[in-house]
There are 2 protein chains.
Amino acid sequence: MRPTKTDFTATKTRFNLPENVIYLDGNSLGALPKGVAERVQRVVNDQWGTSLIRGWNDHGWIHTPSTIGDRIGQLIGAAPGTVLCTDNTSINVFKVLGAALKLRPDRKVILSDTGNFPTDLYMAQGLNQLLDAGHELKLVAPEEVEAALDDTIAVMMVTEVDYRTGRRHDMKHLTKAAHDAGALAIWDLAHSAGAFPVKLDACDADFAIGCGYKYLNGGPGAPAFVYANKKHHETMRTPLAGWWGHAAPFDFDLNYRPASGIDQMRVGTAPILAMAAMDAALDLWDDVDLEDIRTRSVDLCELFIAEVEARCPELELASPRDANVRGSQVSFRSQNGYAVMQALIAAGVIGDFRAPDIIRFGFTPLYISLEDVVRAAEILEDTLKFRKWDKPEYSVRAAVT
Amino acid sequence: MRPTKTDFTATKTRFNLPENVIYLDGNSLGALPKGVAERVQRVVNDQWGTSLIRGWNDHGWIHTPSTIGDRIGQLIGAAPGTVLCTDNTSINVFKVLGAALKLRPDRKVILSDTGNFPTDLYMAQGLNQLLDAGHELKLVAPEEVEAALDDTIAVMMVTEVDYRTGRRHDMKHLTKAAHDAGALAIWDLAHSAGAFPVKLDACDADFAIGCGYKYLNGGPGAPAFVYANKKHHETMRTPLAGWWGHAAPFDFDLNYRPASGIDQMRVGTAPILAMAAMDAALDLWDDVDLEDIRTRSVDLCELFIAEVEARCPELELASPRDANVRGSQVSFRSQNGYAVMQALIAAGVIGDFRAPDIIRFGFTPLYISLEDVVRAAEILEDTLKFRKWDKPEYSVRAAVT
């Protein structure tokens, strides 16, 4: 392990983790930070219960999409006033895709890749069908995105880190390539935000969206986030024109006028209990160095690859071997992958299975240690060696619940 | 007061209400039911914290939009499998409006009225601008909706109860009129669900949406709901085609295929903490008779009108005098309405102000009593008589927080 300024032994103590579990699925749902339950309780009883409708002003509820958005912005290299915490990722995809297409009215093609998370593709397909104006979603292999950028492409929309393999696109390079072709670049940061430093402004990304419930630990179904580069704030128009994104929501005008800046991307009333959990979870990052997160993440992933390859030669690495093009997860291809993962979960190592044959392990330095990595590899070896996934007691459900 | 089977003295004890407050703004944000804090705490600690990713299956999180949706369905006369609890009201407007326009491809006009809540109008304007295909939002006065129904109208979209005046549309009659004109009918139930019995299926409504945080007491920004009449389930297509609404979300197909039934109206990951609060709040209704809610609501409103008109002749009733065409609120027009409401709030009577001159009082029988109504009228009289709204101590903020 390379030394870090951040004390990762200390950060681990800030989570409530169940005993006898090594949790390598924080890239699907982050673990529970200790302050969250108390914060949500306080908002329910001391704010909603006591202030009632006055809570919108007295406790700043009305501002939470911006205040929490700016906190997320610090983790993804986005200037204040360019990020909102709001809605879910799919809905935010629709907003930025709708806005981006209107900024390139002469082009009809949305370019994405087959490694993108399906909901991004579905939202594009739904938008195209709604528009019924000849728009097309063009899908290529992840390594072919750059070559597919030509003067038909209105928008390149890709997820930076592949949810199955952990393969990572080069944001700066691809964004420039998109711009050189006259296209806009939308980045999905679902597996990036909180996993390593992201530099949206520095890469000149046009729009971005991402999850609150993975590496940001905001809880199941936590509010997502949306980013729009400042250069588009004057000209973009969200297709989801809700009253919270109106220039003067409490004037109750009959006509929509967009709010200035990123506030236009608000739609309806913010979910205050969920926002409270998200905000409390972000407290974790106050004394964490993002470069340290990346250093430790790479060390954990490299160690896991070395341990598993030494112990389990039957598994094939599905993630890139080069850490420079990999996110914060390691995936292997495995025969009977689903059953293997069920047996692993029953033995206390929680990862994830992704069809058809991927077993996937996420590494979140805030609560995963060197010892966890070695122990997880040992249990994986043991599970494969004794074909524990063949035994009926492992086939039903995790014994550790 | 007319007698009721429901014990409204008992229902009031099931809320945590601050002392020295008469809360007549449950039509803006419902009060806190007692079981909510404990339920949310349990979901945070015992489900998220302990089960982690396994919570989606082990605790039925994945089903919450449907299970909670069906509970709401019981309050709005909707058959099981026709309602989802999901997203916010504005986003649900977009879904059903987008779906409805596709079901009437030869027509271009969305008909609504000037008493509709602005966000519904904004979402329609945003959709029309996105489509850029000649669609138009036509606004008429509420009493002119029926006459405006002709063969140009694709969709009539109205809110049943006017958020300012409490004026109530006749759902059965207007829906039939819309159908007679070949149009579809979308109903916004923001001020209806939980306020009185709604009969969506019986009225043959096509689509409906509404709030979780008003009369349903789900908390600030609670998840909203969406209804689609069974007759449209096979042919409707939501414009927000997210992975949660896919026929097989965990197949991770590259192509969208809509789920059957109302499940298509899901988009992204459900906000589980907020869903838990909503679900707990709905427990209140288990032994409440909805006809009783209406009986008591009318009695409370009639009493308030009588008391206020006797005490405050300078106020003009803005709500319909006929209870048959009024929801569960009473509004008056008042000079200096904003200042009057601020003074009232400072004196412990929480209502709401809506520009330009409306002071609005919501009556929720679950926690508002006869005594509350008389006392609120007394305080209103006192506030006006002594021009308390002119005094500086009332102009800053409520003293009762």
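Which residues are linked with Arg39(A) in a network of salt bridges?

1. **The network in chain A.** The model is predicted. In it, Arg39(A), Arg71(A), Asp279(A), Asp283(A) and Asp286(A) are linked in a network of salt bridges. One link is Arg71(A) with Asp286(A), where the closest N and O atoms are 3.4 Å apart. Arg71(A) sits in helix α4 (residues 64-75) of chain A, and Asp286(A) in the loop between α10 and α11 (290-311), so this pair ties together parts that are 215 residues apart in sequence. Arg71(A) is partly exposed, at 22% relative accessibility. Asp286(A) is exposed, at 59%.

2. **Other salt bridges.** Side chains of opposite charge can pair when their charged atoms come close. The count over all chains is 58 salt bridges. Arg266(A) and Asp263(A) make one of them, at 3.4 Å from N to O. Arg266(A) is buried, with a relative accessible area of 8%. Asp263(A) is partly exposed, with 26%. In chain B, Asp352(B) and Arg360(B) meet in a salt bridge, with N to O at 3.4 Å. Both Asp352(B) and Arg360(B) are buried.

3. **Arg360 in chain A.** Arg360(A) belongs to strand β15 (residues 358-362) of chain A. Is Arg360(A) buried or exposed? Its relative accessibility is 1%, and the cut-off for buried is under 20%, so Arg360(A) counts as buried. The Arg360(A) side chain reaches the backbone oxygen of Tyr163(A) at 2.8 Å.

4. **The annotated lysine.** The UniProt annotation "modified residue: N6-(pyridoxal phosphate)lysine" covers Lys214(A). The entry is unreviewed. Lys214(A) lies in the loop between β9 (207-210) and β10 (225-228) of chain A. Lys214(A) is buried, with a relative accessible area of 10%. Which residues is Lys214(A) in contact with, leaving aside its neighbours within four places in sequence? They are Gly26(A), Asn27(A), Ser28(A), Gly30(A), Ala190(A) and His191(A). With Asn27(A), a polar atom of the Lys214(A) side chain lies 3.0 Å from the backbone oxygen.

5. **The A–B interface: extent.** Contact involves 83 residues of chain A and 83 residues of chain B. The area buried between the chains is about 7,100 Å². Carbon and sulfur atoms give 68% of that area. On the chain A side, Trp48(A), Tyr122(A) and Leu130(A) lose the most area to chain B. Together these three account for 11% of what that side buries.

6. Polar contacts do cross between the chains: 30 residue pairs, both residues at pLDDT 80 or more. The side of chain A that touches chain B divides into 47 nonpolar, 26 polar and 10 charged residues.

7. Several elements of chain A each supply at least two residues of the side that touches chain B. They are β3 (32-33), α2 (35-51), α3 (55-58), α5 (89-103), α6 (118-131) and α10 (272-282). The largest share, 11 residues, comes from α6(A).

8. **Leu127 in α6.** Leu127(A) lies in helix α6 of chain A. Leu127(A) counts as buried, at 0% relative accessibility. Not counting residues up to four places away in sequence, Leu127(A) touches Phe94(A), Leu97(A), Gly98(A) and Leu101(A), as well as Leu130(B) and Pro239(B) from the partner chain. Leu127(A) and Arg333(A) are 206 residues apart in sequence. In space they are 34 Å apart, C-alpha to C-alpha.

9. **Helix α12.** Helix α12 (residues 337-346) of chain A is mostly covered, with 8 of its 10 residues buried. Which residues of α12(A) are buried? They are Gly337(A), Val340(A), Met341(A), Gln342(A), Ala343(A), Leu344(A), Ile345(A) and Ala346(A). Just after α12(A), Gly348(A) takes a positive phi of about 100 degrees.

Key:
Residues numbered from 1 in each chain as written. Chains lettered and ligands numbered in written order. Predicted model: local features only at pLDDT ≥ 70, side-chain atom pairs only at ≥ 80, totals over all residues. Heavy atoms only, no water. Contact = heavy atoms within 4.5 Å. Buried area = accessible area lost by both parts, 1.4 Å probe. Polar contact = N/O pair within 3.5 Å; in protein donor to acceptor, adjacent residues only side chain to side chain. Helix = DSSP H or I, 4+ residues; strand = E, 2+ residues; numbered from the N terminus. Nonpolar A, V, L, I, M, F, W, Y, C, P; charged D, E, K, R; others polar. UniProt positions renumbered as here; feature names shortened; annotations may be inferred. Buried < 20%, exposed > 50% of the residue type's maximum accessible area, 1.4 Å probe, protein only. Salt bridge = Lys/Arg side-chain N within 4 Å of Asp/Glu carboxyl O.
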